[in-house]
Amino acid sequence: MSKAAAQIFKDEPLASTPFALGHAEANTCTTQRPDPALARIHLQFEGLGKTYRTEQGPVHALHDINLDIRHGEIFGIIGHSGAGKSSLLRTINRLEQATEGQLLIEGQNIAELDEQQLVKLRRRTGMIFQHFNLLSAKTVRENIELPLKVAGIPRGVRRRKVDALLALVGLYGKSETYPAQLSGGQKQRVGIARALVHDPEILLCDEATSALDPETTQSILRLLQEINQHLGLTIVLITHEMSVIRDICDRVVVLDKGRIVEQGHVWEVFGRPKHNTTQTLLAPLQHNLPADLAKRLTPQATWPDDAKVLALYFSGQQREPDLAALSNSLNGRVRLLDGGIERIQGHAVGRLVVAVEASPFTASELVQRVQAWVDRAEVLGYVAVV
Amino acid sequence: MSLLFERLWQGLLDTLLMVGLSSGIALLAGIPLAVFLVTSGRGGLFAAPRLNQLVGSVVNVFRSIPFLILMVALIPFTRLIVGTSYGVWAAVVPLSIAATPFFARIAEVSLREVDQGLIEAAQAMGCQRRHIIWHVLLQEALPGIIGGFTITVVSMINASAMAGAIGAGGLGDLAYRYGYQRFDTEVMLAVIVVLIALVTLVQFSGDWLAKRLNHR
């Protein structure tokens, strides 16, 4: 067995990994594992930029990117299309060359790698794609083993490795089918198996779930999460869907026009989006005020006993909403009209809309009084009590 | 009747020899040429835009010369290669030279249709350029290349009829000299029937193979 082949099998137990796919409790895991934000730095972007020269002059695809991604982290990059996320992801395996600044992987500046070292870097870096990019002329097995084959790994070793990976991604028995006969979710599982075949330390996901239906998206996200935990690899993913970030990422950066406009823990960014782009990206996930309520809402009180409608925001800084305390501080009959609280990385994030009747306080006084129990409160208006 | 059969048989053998050899050479030379045309363009795997343009123009020159004229123009070259400018073997030279750029352009189209994402995926998994050409470009384009080769063979059957002008024989020559010049309708019809059978067989086999290899 060659040296390279021996290395492939350093993780022999992969095949017998005791977790079963499909019924892992995806969301509970995040709280149990150690905070990856405290781990060693894996990828370090230092003033990285990418400028294309075109006939109309230079185009800045990426500008002054400063970023640390840590070992074992699931790191999200989000932005609208054309924001530069795809370019940023591709600088990690040098499918795109940065023109300014540098990227260090484990302290190594990857711009200095020669052709052979670059091939090695790419073998340590798996990548999956929105449209899967499987070879149609090859069977599932041939697709997964191709990276090993071109690396000169002997046939028997390849066989065992592919069998182990097929079991890992839940495609046992599909090895001799062609990709065209598989569903989208199955194709992405083949893509994941292929990306993992060299036991990479980094997995890059390029809109990996954007071509999948919601249910399949969930199962692929769960698989990525399991891989992250059991194989301990660092995952960098790009997406334009905030829900993907919410479901599996630890930290996130928001890109806009090639610049980082916001970054932090996912719960922080969700709880308190600062930049405009973040807010528009979050909009599809947020509850708007129900139409019937919005219609009845008036900016000024028409009658003195009109109910005051407040929005109470929880950005995960505090504990979960304390209903008794809220009710006490608002001092009246408090009705919950709308809203919800989500748990993101163990933090309670969300918004509650309440109507306060028969309270001796004015709306702005109510906002003052409730301040201690919420992250932020605002007056939405008044509704007549029927 | 037996004389007709004998002539037909001889003509068929000559045609098969000319077409088979020249198509074989076109296959061996045309695929590397097509790969070169695809990969040497701007931003390609082996980018060499100047050379790409030069080779592209040479291909176009050969593609634009009518076969009859090409054949005559190449007589000195043919004599250099096979020692004679007359007969079946002499016809193989101009036929191959006409077929290669023809087939290369058709194969080029199939190679260009290979999704850029597949090349990117191959690079991302640590494939070197020769791996990409073999595992991605050629294998993904194979059904299209086979379809293109079928077209090339059929058009070579056509062109080989003109090779009679340099005494190469073959079915086309038979039909022309006996059927057209001597008003022997029987020979002409017989040749046409054999040609139809031949072209049908070639097309059918090509389609069958392309379909078998297409897993899309």
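Analyst: The second largest pocket of this predicted model holds about 610 Å³ of space. A pocket here is an open set of points, on a 1 Å grid over the protein atoms alone, where a 1.4 Å probe fits, with protein on both sides within 12 Å along at least five of seven lines; lining residues have an atom within 4 Å of a point. Grid points are joined across faces, edges and corners, and the volume is the space filled by probe spheres set on them.

Its lining comprises 23 residues, and F270(A), Q286(A), Y313(A), G350(A) and R351(A) lie nearest the centre. Two or more lining residues come from each of helix 10 (266-271), helix 11 (276-282), strand 11 (307-315), strand 12 (333-344) and strand 13 (347-357) of chain A. Helices (H or I, at least four residues) and strands (E, at least two) are DSSP runs numbered from the N terminus. Strand 12 of chain A contributes the most, with 4 residues. By class, the lining has 9 nonpolar, 9 polar and 5 charged residues; Ala, Val, Leu, Ile, Met, Phe, Trp, Tyr, Cys and Pro count as nonpolar, Asp, Glu, Lys and Arg as charged, and the others, including Gly, as polar. Because domain 1 (3-284) and domain 2 (291-383) of chain A both give residues to this lining, the pocket lies between them. The domain bounds come from an automatic or database assignment.

The largest pocket, with about 800 Å³ of space, is lined by 29 residues, with G43(B), G44(B), L45(B), I119(B) and Q123(B) nearest its centre. That lining divides into 12 nonpolar, 8 polar and 9 charged residues.

Chain A also contains an open, mixed sheet of 6 strands in the order 6-7-8-3-9-10, where strands pair if DSSP finds at least two bridges between them. Strand 6 (125-129) and strand 10 (259-265) of chain A are the edges; each has a single partner strand, so one side of each is without a neighbour in the sheet. Within chain A, strand 3 (74-78) and strand 8 (234-239) run parallel, joined by 5 bridges, and I77(A) stands opposite I238(A) in strand 8.

Regarding conventions, residues are numbered from 1 along each chain as its sequence is written, with chains lettered from A and ligands numbered from 1 in the order in which they are written. Local features need pLDDT of at least 70 and side-chain atom pairs count only at pLDDT 80 or more, while totals for chains, interfaces and linings use all residues; side-chain values use heavy atoms, leaving out hydrogens and water.
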